[in-house]
Each structure stands twice: as structure tokens, then as C-alpha cells.
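Here is a friendly walk through one protein model, feature by feature. Please keep the viewer open as you read.

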Amino acid sequence: MKIDHNSTTSATNGGDTTVFRTIEVAVFDRRDLSPPPVVASPSPVVGDELNLIPPLNFAMVDNGIFRSGFPDSANFAFLQTLGLRSIICLCPEPYPEATTEFLKDGGIRLYQFGIEGYKEPFVNIPEDTIREALKVVLDAKNHPVLIHCKRGKHRTGCLVGCLRKLQKWCLSSIFDEYQRFAAAKARVSDQRFMELFDVSTLKHMPMSFSCSKRKGGEFLDPFLRQKE
């Protein structure tokens with residue numbers, strides 16, 4: 001904005017004096033009132049953390065124990081962040097070559113307990129196989145460990161459910177967790193298997209899990225704290 005001062009002049013014409021007053025108005029530069037130009041911020045750099053894709057139905061079971069569906073190459077970067085020592089596969093099919101190479105490169109040991117993925121009413125869950133898989137889960141030298149089947153629902157759910165029995169979860173909490181992953185595909189036969197599974201032969205094995213530790217006389221069950 002520019003402002004000039006007023007000025008007064010006089011002139012004589014035939015003895016008469018005439019006064020002239022010149023008034024200069026303020027001149028506004030509209031550009032002064034314009035908002036500052038908007039500077040576009042640079043596009044965000046897509047970091048590696050945005051490319052970490054967990055396997056289907058991935059979740060943490062307990063300290064050093066995870067569960068999921070069958071991992072593929074899109075999940076490799078995510079699995080690397082877990083620092084896995086072992087993977088328990090409950091599917092009978094041979095491991096894909098790319099996944100086998102990933103395990104080899106990462107020094108990850110594969111324990112495969114092939115359980116056929118039959119549908120009801122022809123479901124047959126071998127108790128001995130589940131028991132052997134539990135021994136691997138309970139061995140802290142294998143942690144961190146990932147348990148998986150095809151979709152992380154039934155076979156994985158049964159193994160985790162039997163682990164919960166060892167941790168002294170009540171059946172309602174075990175079934176709640178199973179149903180969260182199986183959803184509409186929940187099977188009565190799976191829940192019946194978990195209910196009847198005998199954990200007595202595994203009670204001698206040490207457990208160092210958070211949910212099995214007691215505090216104030218209570219079991220630390222994420223779904224339901226059950227008093228001893």
C-alpha cells in the first residue's frame with residue numbers, strides 16, 4: 001500500500017490568487033492482500049514398514065508364540081520382523097520352494113505335522129500328532145515360533161486350544177478364542193476334541209508363558225480371569 005501526502009499550491013492571475021489543493025489517494029496493491037502461495041508438501045516416502053503384510057489370521061498367542069494361515073512370499077518381510085526360530089506347519093502338503101528358501105536363508109527350522117484338512121462329519125484330528133506339536137511349542141528353544149495351517153482356523157485353532165488347556169484356561173474362554181478365528185466355520189468336532197484332549201502327559205513340561213503365570217491367585221486369562 002502506498003500513501004502520498006496532500007500538497008497545496010497557489011497561482012496569481014490578474015491580481016487574483018487561486019489556491020489549488022492536490023489530493024493524492026492511497027493506492028492499494030491487491031497483491032499485498034493475497035494469501036501466501038500454497039507450497040505443496042513433498043509426497044510421503046513409502047517406507048518399508050508400510051509394506052509389511054502379515055499372513056492371513058495372524059495373531060500373537062503368547063510371548064514368543066504366533067499363529068496364522070499359510071504364509072506366502074508377500075508375508076516374508078513381515079515374518080522377518082518376528083525373528084522366528086521355528087515354524088510349525090500343520091498341513092501335509094510339501095512346502096513351496098520359495099518359502100523353503102526363505103526359511104533356509106533365515107535359519108528358521110520347519111516342523112511339519114501333516115494333518116489332513118477334512119470337513120465335517122469326516123474330521124479326524126490325530127491326538128498324538130497334536131501332542132507332538134505341543135512339545136515343540138512348549139520348548140522355549142524354538143521360540144519365537146509360528147504355528148500355521150492353511151487358513152489359521154481349525155487345525156491351528158485346535159493346537160492353540162490344547163495349549164490353553166495346559167495354561168488352565170476355562171473351556172468357555174478356549175472356545176471363545178477358537179470361534180474368533182473360525183467364525184462361521186467353527187466346528188463342533190474341533191471343540192469336542194479340545195474338551196476331551198488329555199494334557200496330563202504334558203504337565204511335567206516347563207512353561208514360561210505370560211498367560212500361565214499367576215498373579216494374586218488368579219490366572220492371567222485374556223478372555224476370563226478364572227480364580228484357582
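Which residues are exposed on the other side of α6? They are Val188 and Leu196. Before going further, please note that this is a predicted model.

## Helix α6

Helix α6 spans residues 188–196, and its buried residues are Asp190, Gln191, Phe193 and Met194. Seen down the axis of α6, these buried residues fall within an arc of 155°, so they line one face of the helix. Val188 and Leu196, on the other side, are exposed.

## Strand β4 and its two partners

Strand β4 covers residues 65–68, and each of its residues is buried: Ile65 and Arg67 point one way, while Phe66 and Ser68 point the other way. With strand β3 (residues 59–62), β4 runs antiparallel, and 3 bridges join the two. Asp62 stands opposite Ile65 in this pairing. The hairpin of β3 and β4 has 2 residues between the strands, and Gly64 takes a positive phi near 80° there.

β4 also pairs with strand β7, residues 145–148; here the strands run parallel and are joined by 4 bridges. Ser68 has His148 in β7 as its bridge partner.

Let us return to Asp62, which lies in strand β3. What is the nearest side chain of opposite charge to Asp62, and how far away is it? It is Arg164, at 4.2 Å. Since a salt bridge needs a side-chain nitrogen of Lys or Arg within 4 Å of a carboxyl oxygen, Asp62 is buried yet has no salt bridge. The side chain of Asp62 does make a polar contact, though: its partner is the side chain of Gln167, at 3.0 Å.

How many disulfides does the structure hold? The number is 0. For Cys149, which is in no disulfide, the nearest cysteine sulfur is that of Cys91, 5.6 Å away. Cys158 is likewise in no disulfide, and the nearest cysteine sulfur, that of Cys162, is 6.6 Å away.

## Backbone features in the loops

If you are checking backbone torsions, start with the peptide bond between His143 and Pro144: it is cis, with omega about -5°. Pro144 is found in the loop between α3 (127–138) and β7, the strand that pairs with β4.

Where does a residue other than glycine take a positive phi? One of them is Asn57, with phi near 60°. Asn57 is found in the loop between β2 (16–22) and β3, and at 23% relative accessibility it counts as partly exposed. Lys168 is another, with phi near 65°. Lys168 lies in the loop between α4 (154–166) and α5 (171–182), and it counts as partly exposed at 38% relative accessibility.

How values were computed: Residues are numbered from 1 along each chain as its sequence is written. This is a predicted model: local features need pLDDT of at least 70, side-chain atom pairs count only at pLDDT 80 or more; totals for chains, interfaces and linings use all residues. Side-chain values use heavy atoms; hydrogens and water are left out. Buried means under 20% relative accessible area, exposed over 50%, partly exposed in between (1.4 Å probe, protein chains only). Two strands pair if DSSP finds at least two bridges between them. A disulfide is a pair of cysteine sulfur atoms within 2.5 Å. Lys and Arg count as positive and Asp and Glu as negative; His and the chain ends are not counted. A polar contact is a pair of N or O atoms within 3.5 Å; within protein, one must be able to donate a hydrogen and the other to accept it, and residues adjacent in sequence count only if both atoms are side-chain atoms. The arc is that of the directions from the helix axis to the C-beta atoms.
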